[in-house]
Amino acid sequence: MTIYQRITADHKRHRELLDKIESTEGDSRDRRQCWEAFFYDVKAHAAAEEETLYAKLIATEDGQPDARHSVHEHQELDHIMDELDEMDMSSPGWLQRFKTLKHDYLHHIEEEEEDIFKRARQEIDSAVADKLADNFEQRKDKERELVDKKAEEALEH
Ligand SMILES: [Fe+2]
Ligand SMILES: [Fe+2]
């Protein structure tokens, strides 16, 4: 499996979760569960991308602008996600803000699948791209542990 297939598999799940969340209502168990799944998986996914694909791409002259652009979008998305995580899910504003996130996130992953991957295929050797898929998996597991740890610490305080 290449890093591109690995990332696309995550995106597929993220698209499904976005649709599911949008179809839920208020502060329901469904919305809470889907949101939590999305929140943690996207955070780990973005961190793993940055430490594998984008770390490689940013080191190339032609790939650097694209990599910077995407990492900047990660920061913006992260900000909206944290905002939503703090908001009251039963407020009408929650779904409205969520729709902005959905729109921006879909734009981000479409750009990755179409433009970034194309650029990366030109810049990164395919043998390296295969190896990156393994690294991605490992980094994602690690990031998930970190996120869980942070959540636990937040609960303790
Ligand atoms: Fe991304
Ligand atoms: Fe992604």
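Helix packing in the predicted model

Residues D66, S70, E73, L77, I80, M81, E83 and L84 of α4 meet W94, R97, F98, T100, L101, D104, Y105, H108, E112, D115, I116 and R119 of α5. The residues of this contact divide into nine nonpolar, three polar and eight charged. These features, like those that follow, come from a predicted model. The axes of α4 and α5 come within 10 Å and cross at roughly 160 degrees. Angles over 145 degrees count as roughly antiparallel, and α4 and α5 are therefore roughly antiparallel to each other. The crossing of α4 and α5 is left-handed.

Helix α4 comprises residues 64-86. At 1.5 Å a residue, the 23 residues of α4 should span 33 Å, and the end C-alpha atoms are 33 Å apart, which agrees. Buried positions in α4 are D66, A67, S70 and L84. These buried residues pack against α3 (53-58) and α5 (92-123). E73 and H108 are 35 residues apart along the chain, and their C-alpha atoms are separated by 7.2 Å. Both E73 and H108 are listed in the contact of α4 with α5.

The loop between α3 and α4 holds D62. D62 has 10 C-beta neighbours inside 10 Å and so counts as exposed; the cut-off for an exposed residue is 12 or fewer. D62 is 27 residues from M89 in sequence, and the two C-alpha atoms are 42 Å apart in space.

Helix α5 also meets α1, which comprises residues 3-23. The axes of α1 and α5 come within 11 Å and cross at roughly 160 degrees. That angle makes α1 roughly antiparallel to α5. The crossing of α1 and α5 is left-handed, as is that of α4 and α5. On the α1 side the contact is formed by Y4, I7, T8, H11, H14, L18, I21 and E22, and on the α5 side by F98, K102, Y105, I109, E112, E113 and F117. By class, the contact of α1 with α5 has eight nonpolar, three polar and four charged residues.

E137 and T60 are 77 residues apart in sequence, and their C-alpha atoms are 23 Å apart in space.

Helix α2 (residues 29-51) has 23 residues. From its first C-alpha to its last, α2 reaches 33 Å, close to the 33 Å expected at 1.5 Å a residue. The buried residues of α2 are R31, C34, W35, F38, V42, K43, A44, H45, A46, A48 and E49. They pack against α1, α3, α4 and α6.

One of the buried residues of α2 is K43. K43 has 21 other C-beta atoms within 10 Å and is therefore buried, the cut-off being 20 or more. Leaving aside neighbours within four places in sequence, K43 is in contact with E143 and V147. The C-alpha atoms of K43 and M81 are separated by 9.1 Å, although the two residues are 38 residues apart along the chain.

Notes:
Residues are numbered from 1 along each chain as its sequence is written. Chains are lettered from A and ligands numbered from 1 in the order in which they are written. This is a predicted model: local features need pLDDT of at least 70, side-chain atom pairs count only at pLDDT 80 or more; totals for chains, interfaces and linings use all residues. Helices (H or I, at least four residues) and strands (E, at least two) are DSSP runs, numbered from the N terminus. The expected span of a helix is 1.5 Å times one less than its number of residues. Two residues are in contact if their C-beta atoms, placed from the backbone, lie within 7 Å. Axes are lines fitted to C-alpha atoms, for helices over the stretch in contact, and angles run from 0 to 180 degrees between N-to-C directions. Angles under 35 degrees count as roughly parallel, over 145 as roughly antiparallel, 65 to 115 as roughly perpendicular and the rest as oblique. A crossing is left-handed if the near helix is turned anticlockwise from the far one by less than a right angle, and right-handed if clockwise. Ala, Val, Leu, Ile, Met, Phe, Trp, Tyr, Cys and Pro count as nonpolar, Asp, Glu, Lys and Arg as charged, and the others, Gly among them, as polar.
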